[in-house]
Amino acid sequence: MKIDVISLFPKMFESPFAEGMIKRALDKKIIELECHDMRKWAWNSYGAVDDRPYGGGVGMLIRVDVIDQALKEIKKNKNSKVILTSAKGKKFTQQMAREWSKEDNLIFICGRYEGFDERVVDLVDEEVSIGEYVLTGGELPTMVMIDSVTRLLDGVLGKDESNKDESFSENSVLEYPQYTRPAEYLGKNVPEILLSGDPKKIKQWQEAKKELK
Ligand code: SAM
């Protein structure tokens, strides 16, 4: 999968993806990540991508012509899904991560300032929020979404990890509680059934302990 990111701070993506699962996916070429500096498509020679809002108001908005030019250049003939990060967008879910994991190319657009000229919404496939709070930029939401999509791709998780039978692998179902050694810690014991060695009973217990969100 090719992942493109359009951001005013492309270097922010270097460190979080230099370790762990995403690094593994990059090294194995399961994903290819390209972070584009939005200023490449600046509307003036000073590198500005933003402008004052019509009708007044505080803050600046990222211009539609900047994003249009960026998308035209990045998409070319690719079959892409374009995602706009936005606090007022549709809430990101595991189901969306599953659907996006089947795409050939995801393009994430990271906002800053007060966000985007509303006409940017017409240029994208989805306007997505990672939760009901406002962050300073779309970079962290983009990292969250890339992480959750990447771990669903074949070959990314190692043999000791699994995306089956975990929270949201079935819609709205949360994972059952799990324990490891020691069997007793500060007076709290691992449920007896898990030490029984009876796979059928353990499975039944795990199914019963799954919770609905
Ligand atoms: N004025 C906007 C509003 O009230 O909805 C907030 C803009 S925010 C300061 C700047 C950028 O951060 C947004 O354009 C978006 O890209 C990103 N952002 C902030 N919170 C987000 C969230 N919860 N989910 C996704 N992106 C977010």
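Trainee: Okay, is Thr142 buried or exposed?
Mentor: Thr142 is buried, with a relative accessible area of 0%; buried means under 20% relative accessible area, using a 1.4 Å probe and protein chains only. This is a predicted model, where local features need pLDDT of at least 70, side-chain atom pairs count only at pLDDT 80 or more, and totals for chains, interfaces and linings use all residues. Residues are numbered from 1 along each chain as its sequence is written, and side-chain values use heavy atoms, with hydrogens and water left out.

Trainee: Where is Thr142, and what does its side chain reach?
Mentor: Thr142 belongs to helix H4, residues 139-150. Its side chain reaches the backbone oxygen of Gly138 at 2.8 Å.

Trainee: Switching to the ligand: which residues come nearest?
Mentor: Thr85, Gly111, Glu114, Tyr133 and Leu135, out of 20 residues around the ligand (a heavy atom within 4 Å puts a residue there).

Trainee: What does Thr85 do there?
Mentor: One of its polar side-chain atoms lies 2.8 Å from an oxygen atom of the ligand. For Gly131, a backbone N or O atom lies 3.0 Å from a nitrogen atom of the ligand.

Trainee: How much of the ligand gets buried?
Mentor: Taken alone the ligand exposes 590 Å², and the protein buries 84% of that (areas by the Shrake-Rupley method, 1.4 Å probe).

Trainee: And what is the shell around the ligand made of, by class?
Mentor: Nine nonpolar, nine polar and two charged residues. Strand S5 gives the largest share, three residues.

Technical notes. Polar contact = N/O pair within 3.5 Å; in protein donor to acceptor, adjacent residues only side chain to side chain. Helix = DSSP H or I, 4+ residues; strand = E, 2+ residues; numbered from the N terminus. Nonpolar A, V, L, I, M, F, W, Y, C, P; charged D, E, K, R; others polar. Buried < 20%, exposed > 50% of the residue type's maximum accessible area, 1.4 Å probe, protein only.
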